[in-house]
Amino acid sequence: MAIDADEYRSAANELLDAGAHDRLDTMRHSAAHVMAAAVLELFPEARLGIGPAIKDGFYYDFDLPRPLTPVDLEAIEAKMREQVAADLAFERSELDRPAALERLEGEEQPFKVEIVRELPDEEAEVVSFYRHGEFSDLCRGPHLASTADLGPFKLLNSAAAYWRGDETRPMLQRIYGTVWETQEDLDRYLWRLEQARARDHRRLGRELDLFTFHPESPAAPFWHPKGMVLWRALEAWSREVRADGGFSEVRTPSLVRRELWEQSGHWDLYQDNMFVLDDYDHPSGLKPMNCPQEILVYKTRSRSYRDLPMRFADYSVLFRKELTGALAGMFRVRQLTQDDSHVFCRDDQVADELRLALSLVNRQFAPFGFQPRFKLATRPDKKLGSDEFWDMAEGRLREALEVEELPWTLDPGGAAFYAPKIDVFIDDALGREWQMATVQLDYQLPQRFDLEYRTADGGFERPAMIHYAIYGSFERFTGVITEHFAGAFPLWLAPVQAVIIPIADRHIEYAGRVRDALAAAGLRAEVDERSERMQAKLRDAQEQQIPVMLVVGDRDQEAGAVSPRLRTGRSRQGVPLEEFVDHLRARNEARELWPYEDNAPAD
Ligand SMILES: [Zn+2]
Ligand SMILES: [Zn+2]
């Protein structure tokens with residue numbers, strides 16, 4: 001793993017913001033100093049890079065004579081504990097630039113020398129250092145009073161990182177660690193890390209036979225039959241939400257000529273993210289978005305004020321030229337499908353349409369147990385349209401959020417080049433934040449395409465457009481929910497909802513009748529007719545995270561009953577078949593979050 005320039009910059013900025021650190025950040029940065037001191041004890045020839053606090057922990061970059069091993073990390077941790085036990089005070093001292101350079105050159109710390117040389121003059125008058133024990137580091141602070149104040153910590157791993165994120169500069173070794181106020185906090189964080197690894201959707205996708213990735217088509221998933229069942233369940237729910245919201249579905253082509261992208265502005269502003277190719281003599285692009293195509297549908301006839309709002313849903317395939325180097329699975333794909341929505345409306349309808357969009361977002365996420373949070377993203381530097389347009393558009397979005405009384409914050413400069421937007425975030429079972437839906441209000445595309453509608457008094461006005469996808473893409477959303485549920489999907493999403501396990505061959509026929517009764521109720525059930533032992537079949541069903549297992553034997557067969565056993569461990573005996581089918585059908589149709597148990601450790 002290598003660290004890229006952006007990551008480097010954000011870490012460096014955090015370092016510069018050290019003055020604003022809260023206690024936990026201060027503790028994390030102090031831990032980085034303690035780690036650097038430990039590394040220097042073990043490797044006196046180590047050259048130091050930077051060592052900031054980061055989200056959930058800290059790191060420090062080192063130039064070392066050899067690659068680190070896990071055993072080294074243990075040795076470094078042990079040296080760190082010695083410093084904590086020694087109760088060493090952090091002491092600040094100040095030098096001017098020439099004196100600071102003399103000291104760092106004497107210590108043979110070329111990276112630190114570089115930092116001090118490049119300090120702006122106004123910051124170089126006072127260069128501060130922090131010392132604890134024998135170790136001193138160029139640093140703005142602040143720090144804890146003493147190494148004894150360090151909370152419980154752990155070193156996690158090491159990774160390669162170029163100095164300043166620049167691949168022409170030396171490659172350093174970055175050691176990541178984490179430190180917390182209490183042992184409980186540390187344990188909980190380590191549990192989350194372990195769970196994140198265990199829930200990796202690429203691994204679960206393969207184990208549960210949902211989807212795989214192949215080098216023959218980088219950054220694009222291959223959906224297996226069970227994965228497609230999941231996809232169709234997600235899609236059916238999205239279609240139901242859109243239909244109730246008054247949407248009509250359209251479908252538009254993937255390969256679209258350059259002229260349309262020029263008119264939409266994508267050719268100038270988004271071409272780097274597009275697959276551009278020649279359709280014989282015509283330069284064309286595979287569509288990264290549906291908007292310009294929906295506009296062509298709108299423009300096929302003259303529209304009147306009575307036709308508006310017009311709401312189009314589009315589930316066609318999009319292509320985005322993403323880098324393929326990163327092993328991001330579903331989180332960075334080049335071929336994707338959105339539950340895309342475009343609304344054309346009059347100005348006096350914008351407020352209602354934005355509120356409709358936000359209410360559909362809340363509704364569509366409800367059966368996953370997600371409680372969305374909202375961020376209003378405002379104009380970026382590189383943008384289309386005048387400031388007046390942006391003032392009005394941003395004001396409308398703000399109003400919709402306030403009227404709906406939704407939990408929201410501001411994201412200055414975070415908008416797409418053609419419109420402000422509301423980004424929707426959810427937290428998963430591990431407390432990780434994911435950006436999902438986006439709602440965009442747009443006056444630019446209607447202007448670029450000269451859209452209009454006829455008003456009541458016979459004149460012409462320009463409609464506004466609202467764009468949104470709620471899942472975002474099916475690919476990414478599938479990745480998120482696979483990790484959120486750890487593959488144990490609620491009944492309504494589970495590719496196989498019930499498996500029927502006949503105890504002996506003489507029960508196979510009855511097992512088939514149970515399956516048919518479930519299928520007639522719209523449920524996905526299978527009979528496990530393999531000649532394995534019952535316990536082995538139960539274990540396999542459990543591993544495949546099938547919500548309901550029905551073992552049928554003589555007693556059930558005679559009584560026309562089933563004995564359900566849930567994935568969560570609960571079981572019942574001799575439930576009349578009809579009663580059980582009705583029960584399961586109701587839970588399925590209501591898209592209940594069942595059977596689902598949050599397996600996070602108790603607080
Ligand atoms: Zn420091
Ligand atoms: Zn759009």
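## Close-up views of the predicted model

Figure 1. The structure is a predicted model, in which local features need pLDDT of at least 70 and side-chain atom pairs count only at pLDDT 80 or more, whereas totals for chains, interfaces and linings use all residues. Residues are numbered from 1 along each chain as its sequence is written, chains are lettered from A and ligands numbered from 1 in the order in which they are written, and side-chain values use heavy atoms, without hydrogens and water. The lining of this pocket comprises 31 residues, and those nearest its centre are Arg-320, Leu-336, Gln-338, Thr-438 and Gly-472. (On a 1 Å grid over the protein atoms alone, a pocket is an open set of points with protein on both sides within 12 Å along at least five of seven lines, a cavity is a set where a 1.4 Å probe fits but cannot get out, and lining residues have an atom within 4 Å of a point; points are joined across faces, edges and corners, and a volume is the space filled by probe spheres set on them.) At least two lining residues come from each of strand 17 (335-345), strand 20 (421-427), strand 21 (433-442) and strand 24 (464-473). Strand 24 supplies the largest share, six residues. (Helices, H or I of at least four residues, and strands, E of at least two, are DSSP runs numbered from the N terminus.) By class, the lining holds 15 nonpolar, nine polar and seven charged residues. (Ala, Val, Leu, Ile, Met, Phe, Trp, Tyr, Cys and Pro count as nonpolar, Asp, Glu, Lys and Arg as charged, and the others, Gly among them, as polar.)

**Figure 2. The largest cavity has a volume of about 110 Å³.** The count of cavities of 30 Å³ or more comes to two. The lining of the largest cavity is formed by Leu-208, Leu-210, Lys-226, Gly-487, Phe-489, Ala-494, Pro-495, Val-496, Gln-544, Gln-545 and Ile-546. Seven of these lining residues are nonpolar, three are polar and one is charged.

**Figure 3. The second largest cavity has a volume of about 50 Å³.** Its lining consists of Phe-389, Trp-390, Ala-393, Tyr-418, Ala-419, Pro-420, Leu-441, Asp-442, Tyr-443 and Gln-444. Helix 14 (387-403) and strand 21 are the elements that contribute two or more residues to this lining. The contribution of helix 14, three residues, is the most. Eight nonpolar, one polar and one charged residues make up the lining of the second largest cavity.

**Figure 4. The zinc ion (ligand 2) is coordinated by Cys-291 (SG), His-342 (NE2) and His-467 (ND1).** The donor distances are 2.0 to 2.3 Å, and the donors follow the spacing C-x50-H-x124-H along the chain. Because Cys-291 belongs to helix 12 (residues 291-298) and His-467 to strand 24, the pair ties together parts that are 176 residues apart in sequence. (Donors are N, O and S atoms within 2.8 Å of the metal, or 3.2 Å for Na, K and Ca; water is not among the atoms, so sites may look incomplete.) Cys-291 is buried at 2% relative accessibility, and His-467 is buried with a relative accessible area of 3%. (Buried means under 20% relative accessible area, exposed over 50%, and partly exposed in between, with a 1.4 Å probe and protein chains only.)

**Figure 5. The zinc ion (ligand 1) is coordinated by His-29 (NE2), His-33 (NE2) and Cys-139 (SG).** Here the distances are 1.9 to 2.2 Å, and the donor spacing along the chain is H-x3-H-x105-C. His-33 is part of helix 2 (residues 23-42), while Cys-139 lies in the loop between strand 6 (135-138) and strand 7 (153-162), so the pair ties together parts that are 106 residues apart in sequence. His-33 counts as buried at 1% relative accessibility, as does Cys-139 at 8%.

**Figure 6. Helix 16 (residues 474-484) is largely enclosed by the rest of the structure, because ten of its eleven residues are buried.** The buried residues of helix 16 are Phe-474, Glu-475, Phe-477, Thr-478, Gly-479, Val-480, Ile-481, Thr-482, Glu-483 and His-484. Helix 16 is followed by Ala-486, which has a positive phi, near 55 degrees.

**Figure 7. Gln-497 lies in the loop between helix 16 and strand 25 (498-502).** Gln-497 is buried, and its relative accessible area is 0%. When its neighbours within four places in sequence are left aside, Gln-497 is in contact with Leu-491, Trp-492, Gly-522, Leu-523, Arg-524, Ile-546, Pro-547, Val-548 and Asn-588. (Contact means heavy atoms within 4.5 Å.)

Figure 8. Of its 603 residues, 51% count as buried. Among contacts in the protein chain with a separation of 6 or more, 71% are between residues 24 or more positions apart.
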